[in-house]
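The explanation below is meant to be followed with the structure in view.

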Amino acid sequence: MKEFELEPGEHVVKELRKHWFLFLGELLPYTIFAILPFAIPKLIVLAPPLVPYATFFDYQELSERIVLGIWLLATWTMAWGSFTRYFLNAWVLTNRRIATIKQRRFFYREVSSLLLPRVQDVTTNVSGIVQSMLGIGDIKVQSAGAEIVFTMRGIPRPEQMRDIILKYVAEGSAHTHE
Amino acid sequence: MPDQPLQPFAPPENLLAYLPNGFSAGVAITWVLYTVFAFWAIYTFVAIYHWLKYSHASWLALPAIAAHLFVSFALMSYTLSGKAFFLAPYLPV
């Protein structure tokens, strides 16, 4: 981990990202952009006055092919950039702390840690039909005195994650009191 | 309100004919492609830098970068020459 150094005896328990279904939702605009140049000639037939313009979308001329190529290259690159940001946003649970890594955009990265002994409350929230069916929800981790609140939205199986966090919080407390 | 019926819009037959004197269509297309590919190169460089720098993502970094480069080069090849390699079945030639 380059974001933070693991202490001696510390190990990563779980690394978590937003649910893949939500990422597919983020990809939807790029999918529409990619399909658009091929859908337009088919849709244009439905409007007879526009039919003569359908020849612009057969991509047989050099200039038309260049426009299509640039359009698809830009769409692909933006979609890949979206995947990059999706993947670089993560929650990392170690046996000592929780770290959130937020990659809001390129060159804007935020890493925060909360030591497990300071965790006082872990709340999960699953609301909505799709979220309930796919097990997508939010987790809110609150520190003692509510000084720090970590919220991760749209993660898979939040209840399972809550149980793991609480297990390690309890283990940490047991070691502290020994 | 004018009482004449609306005339159908007639698009210019060749947009490149409107370029200023001394600025040929070939030069215009070349510069457009230079600009697009320069933006692509900068964006790709920045994204690859992020993939490689944050090693927690390393298991997927190389496949993700390779996929991006393969697809991008196929699209660039299609733009420049009409050859799209593995994307050929999906693109009009």
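The model is a predicted one, and its confidence values should be read before its geometry. The predictor assigns the complex an ipTM of 0.85 and a pTM of 0.85. For chain B, the mean pLDDT is 84, and 78% of the residues of chain B reach 70 or more.

Chain A contains an open sheet built from 4 strands, in the order β1-β2-β3-β4. The pairing in this sheet is antiparallel. Its edge strands are β1 (12-16) and β4 (108-115) of chain A, each of which pairs on one side only. From one strand to the next, the twist of this sheet averages 15°.

The pairs within this sheet can be followed in turn. Strands β2(A) and β3(A) are joined in the antiparallel sense over 4 bridges, and they form a hairpin with 2 residues between them. Across this pair, A:A90 stands opposite A:I101 in β3(A). Strand β3 (residues 97-105) of chain A also pairs with β4(A), again in the antiparallel sense, over 8 bridges. Here A:I101 faces A:V111 in β4(A), while A:Q103 stands opposite A:R109 in β4(A).

A second open sheet in chain A has 3 strands, in the order β5-β6-β7, and its pairing is antiparallel. Strands β5 (119-125) and β7 (149-156) of chain A stand at the edges with a single partner strand each, so one side of each has no neighbour in the sheet. The twist in this sheet averages 15° from one strand to the next. Between β5(A) and strand β6 (residues 136-143) of chain A, which run antiparallel, there are 6 bridges. One of the residue pairs is that of A:T123 with its bridge partner A:K140 in β6(A).

Helix α2(A) links the account of the strands to that of chain B. Within chain A, α2(A) lies across β2 (90-94), β3 and β4, and runs at about 160° to β3(A).

How do the axes of α2(A) and α1(B) cross? The axes of helix α2 (residues 62-88) of chain A and helix α1 (residues 25-53) of chain B come within 11 Å and cross at roughly 15°. Because of this angle, α2(A) is roughly parallel to α1(B). The crossing of α2(A) past α1(B) is left-handed.

Which residues meet in this contact? On the side of α2(A), they include A:I66, A:I70, A:L73, A:W80 and A:F87. On the side of α1(B), among them are B:I29, B:V32, B:L33, B:W40 and B:W51. The residues of the contact of α2(A) with α1(B) divide into 18 nonpolar, 4 polar and 1 charged.

Key:
Residues are numbered from 1 along each chain as its sequence is written. Chains are lettered from A and ligands numbered from 1 in the order in which they are written. This is a predicted model: local features need pLDDT of at least 70, side-chain atom pairs count only at pLDDT 80 or more; totals for chains, interfaces and linings use all residues. Side-chain values use heavy atoms; hydrogens and water are left out. Axes are lines fitted to C-alpha atoms, for helices over the stretch in contact, and angles run from 0 to 180 degrees between N-to-C directions. Angles under 35 degrees count as roughly parallel, over 145 as roughly antiparallel, 65 to 115 as roughly perpendicular and the rest as oblique. A crossing is left-handed if the near helix is turned anticlockwise from the far one by less than a right angle, and right-handed if clockwise. Contact means heavy atoms within 4.5 Å. Ala, Val, Leu, Ile, Met, Phe, Trp, Tyr, Cys and Pro count as nonpolar, Asp, Glu, Lys and Arg as charged, and the others, Gly among them, as polar. pLDDT is the predictor's confidence in each residue, from 0 to 100. Two strands pair if DSSP finds at least two bridges between them.
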